[in-house]
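Trainee: I would like to go through the surroundings of the ligand and then the helices beside them. Could we take it step by step?

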Amino acid sequence: MHRLESMSNPIQIAVVGTGYVGLVAAVCFVEMGHSVVCVDIDEAKIAALKSGHTLIHELHLPELLERYRNTRIRFTTNLAEAICASDAIFIAVGTPQSETGDADLSYVESVAREIASSLTTYKVIVEKSTVPVYTNEWIRRTIESNGIARSLFDVVSNPEFLREGTAVTDFLHPDRIVVGSDSEAAAALLERIYAPLTSGAYYDRPGAIPGRCTATSPPPLLLTSTKSAELIKHASNAFLALKISFINTVSNLCEATDANIEQVARGMGLDNRIGPRFLSPGIGYGGSCFPKDIAAFRYVAEQLGIDFNLLAEVEKINTEQKKRFLARVRSALGTLSGKRIAVLGLAFKGGTDDVRESPAIDLVELLLAEGCSIAAFDPAAMQRAQEEVPAGPQMQYVDDAYTAAANADALLVLTDWPQFAAIDLKLLHHAMKVPIVVDGRNLFDPKVMQQYGFTYISIGRPSVQHSRALELAASQTF
Ligand code: UGA
């Protein structure tokens, strides 16, 4: 297809669910030239979006929403009307973890039923939420069982690989676009939707969101069966989580041998077969995706009689990594009870306000249970964190890193926000009662920390001790 043609071929799209995936996909489809109606049952959310509030902290999202709010993107609570007006309906509702570990598909099911009750002309229904293998078939059967002829619809799987914090860039500059379809007509519609990216036309456009794809190096679109597409999503997240648990275990080996994980990870990552990304050790993975998706994938394997105990190990290592970090804080301080701890970072990673399954929140809860008092700061997640751990006499939320550090017995770095790495170390040292920093994200150079007079403990790298810090910590212990 000619480049300009692929930019001027707008498609009417409905996106059901305005969470991270749905809202980002909707805004990006509009940016690609299509017209989108976003649907959500939450009236307050729709009202906020109509008035230009994105509700989530995501780079480029506010500016794109503002650009298109009164033109090619609409918001409604009326699903039937949205279905009527669209050629493709993307289902992007939540698939939370159920008590048994599998994905709870009740939101997907109720949307499928509603779609069934409104179908009068041919539509392509697109499964965008993260769902287990066979969900595509199950959506198809659900719609058929509501009396809809098979000729009136197709169901396609189009999994999303966006990361929170860089979701817009990830959407518009993907490594690959996966389309799982058992129908040629439906696959062709998805190819048209993504043509602005796959043809490279989008990247030539003035004002395009910058990223790694270019007009001469556009992303590939991989056509697969529906089941393969579903498995690609779960397998990708599981593999990334495995990479993190692997490097965390190697970092523990580094600590035991006085080796340096940065050197080891670099040496491993230079092997093209391994690659350098997702080899940063830390306090374990979190977020709304990895923990839930690994549990769901494990459940799927179990149901199919496939031994995938490797994933149970990945989860176990992830839980242990937090406990190990806590043990290192304890051993640095002698005892935890009664200590004042500064916490930098509450989100599950930098660049987001999301605290779902955040290892930082888990650690804050463990420290409070040990009798510590905490002063915490996060550049974006303060409000959401307070919904998880309310402020109180032992739990203070403060306005900046230096206030958090004031009079602290130790400072913990729990989220990899770039601004933490740029902290004025002299001011920080001055603020603290005992200059001990335990860094769960390896944001600082140990040598520099030593020069500034800190005792500095990080992940998988030799610790540096500063005698005054140790003396002070010891004097607080007894
Ligand atoms: C993840 C995947 O990276 C996306 O490809 C996927 O689309 C998304 O889940 C999803 O299924 O929706 P996300 O949860 O936003 O994206 O976050 P990541 O950037 O992958 O980080 C996940 C966790 O791993 C964070 O807690 C992060 O701090 C940790 N991590 C990541 C490490 O500890 N080390 C690393 O090297 C990388």
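Trainee: Which helix supplies the largest share of the shell around the ligand?

Mentor: This is a predicted model, in which local features need pLDDT of at least 70 and side-chain atom pairs count only at pLDDT 80 or more, while totals for chains, interfaces and linings use all residues. Residues are numbered from 1 along each chain as its sequence is written, and side-chain values use heavy atoms, with hydrogens and water left out. The shell has 19 residues, each with a heavy atom within 4 Å of the ligand. Helices here are DSSP runs (H or I, at least four residues) numbered from the N terminus, and the largest share, three residues, comes from H11.

Trainee: How far from an oxygen atom of the ligand is an N or O atom in the side chain of Arg 441?

Mentor: Arg 441 is among the closest residues of the shell. The pair is a polar contact (N or O atoms within 3.5 Å), and the distance from the side-chain atom of Arg 441 to the ligand oxygen is 2.8 Å.

Trainee: At what angle do H11 and H13 pack?

Mentor: Helix H11 (226–257) and helix H13 (290–303) each supply at least two residues of the shell. Axes are lines fitted to C-alpha atoms over the stretch in contact, and angles run from 0 to 180 degrees between N-to-C directions. With their axes 9 Å apart, H11 and H13 pack at an angle of about 115 degrees.

Definitions and conventions: A polar contact is a pair of N or O atoms within 3.5 Å; within protein, one must be able to donate a hydrogen and the other to accept it, and residues adjacent in sequence count only if both atoms are side-chain atoms.
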